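Let's take a friendly walk through this structure together. Keep the viewer open and turn the model as you read.

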Amino acid sequence: MPGPHWSNSDLDTLRAKFYQLHIAVEQSPAATAITDTEGRIEYVNQRFIEVTGYTREELIGKTPAMIQSGLTPEIVYHDLWQTLRSGQVWRGELQNRKKSGELYWEAETITPVRNDAGEVVRFVAVKEDITERKRQEEELRLLASVFQTGQATLITDPEMRIERVNQAFTDITGYRPEEVIGHTPRLFKSGRHDKAFYSQLWQDVIETGHWQGEIWNRNKYGEIYPLWQSITAVHDEAGNIRHFIAVFHNIAERKRLEQELEQQATRDHLTGAHNRRAFDAAMRKAIRQAERSDNTFSLLLFDIDLFKSVNDQHGHDTGDVILKRLALLVGKTLRSTDLLARWGGEEFAILLQDTSAQGASTFAERLRQQVAETRLQGLAVTISLGIAEYRRGESPEEMLARADGALYRAKRAGRNRVGIADTHP
């Protein structure tokens, strides 16, 4: 303390300097606390109050234990007090808890304050909130772990220029890092998706921060393959996008298995034509479409004439080969919108989209002649056909019954003929 020889002017100057120091500490952006040698808080600045959520009255006289989270290892506090009691400055990181219960990280520097005799009389703690830095470090650790997995990963900047890829990316795409860094993912476009697909994809990413789904890409060798991909937007504290992260894996094998299962569920195992289940679904769909529009469609039923005699004389193996070759021959005459199904035994059904009874009759006559002129497994084979054009309001069962009636009439008239059901009730 100043002695009696200090003038009033000197004292005023000293008070002014102390006031300026107080203002500087009080308004500092770093949380600051002063404690006694037992750790009891004697002073905290405004930033300390803002960070912890406690009032000054709640803090003075207490120890920093009131903001401890219980998650910082005890060895850290042991090292802290051992360092301070030896008169040294301690620096480290602590995970604390606000009054609200929210956890946060601080980087702290605690400095011993000595009196004129060199004795430690107080500690000054200056704290920096490093919660965001810790979050980013954790994000980078997670990202590093992703890079070590079998999932292909690429990271881009906000302009979608590729900054980093992992080994799994190279394994799947064929591209080495130096071949893609600086480029955008447009490099991998397959041409299978239109602008609307990509527009919706990026709209989802920007609006929700995430997108995932199936996408087809092209690898370095020009091969097109399916991926299951997720894209995530990474934002900074201000809410601006810093990176896009895409994680994906090749699902070609899964798609192959799905297709195989689909084949098993909807295809006849012998001929490869659709089965009755698939044909029924397609017919119901055609009816719904016809009801909503002025379009029509026709149904053809046909079977092999006297097929039982073929099996009896030449064996079932020969009969199976004839069925397969007949299905192949008929399939080649159809449009991509038409559908062939094995109805059962030697009977088949054809759905001709956007085709009237007259158009179906022309097609059926041409098909009948083609089969009659083709020797299947060295044998002369003929077919009989029945045709029914869709009547508005009728059920699939009713339409099938009419086509079956037309087929029966063709057989009764001598086989190797085309029968047409009435188009009007």
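Predicted model: local features only at pLDDT ≥ 70, side-chain atom pairs only at ≥ 80, totals over all residues.

Setting aside neighbours within four places in sequence, I350 is in contact with F279, S298, L299, L300, F302, V330, L334, L339, L340, F363 and L367. Several of these names come back when you look at the largest nonpolar core, which has 28 residues. Within this core, L300, F302, L326, L340, I350 and L367 touch the most other members.

Which elements give two or more residues to this core? They are the strands β11 (297-304), β13 (347-353) and β16 (383-389), together with the helices α11 (307-314), α12 (316-333) and α13 (357-373). Of these, α12 provides the largest share, with 6 residues.

Which residues of α8 are buried? They are Y198, L201 and V205. Seen down the axis of α8, the buried residues fall within an arc of 60 degrees, so they line one face of the helix. The spacing has a simple background: an α-helix has 3.6 residues a turn, so residues three or four places apart point the same way.

What do the buried residues of α8 pack against? Their partners are the strands β8 (210-218), β9 (224-235) and β10 (241-250). On the other side of α8, you will find K195, A196, I206, E207 and T208 exposed.

Another positive phi, near 70 degrees, belongs to M160 in the hairpin of β6 and β7. This hairpin has 5 residues between its strands. Strand β6 (residues 152-156) and strand β7 (residues 162-165) pair in the antiparallel sense, over 3 bridges. To see one of the pairings, pick I155, whose bridge partner in β7 is R164.

The last stop is T170, which sits in helix α6 (residues 167-173). Is T170 buried or exposed? Its relative accessibility is 16%, and because the cut-off for buried is under 20%, T170 counts as buried. Apart from neighbours within four places in sequence, T170 is in contact with Y175, R176 and P177.

Notes: Residues numbered from 1 in each chain as written. Heavy atoms only, no water. Buried < 20%, exposed > 50% of the residue type's maximum accessible area, 1.4 Å probe, protein only. Helix = DSSP H or I, 4+ residues; strand = E, 2+ residues; numbered from the N terminus. Arc of directions from axis to C-beta. Contact = heavy atoms within 4.5 Å. Core = buried A, V, L, I, M, F, W, Y, C linked by side-chain atoms within 4.5 Å. Pairing = 2+ DSSP bridges.
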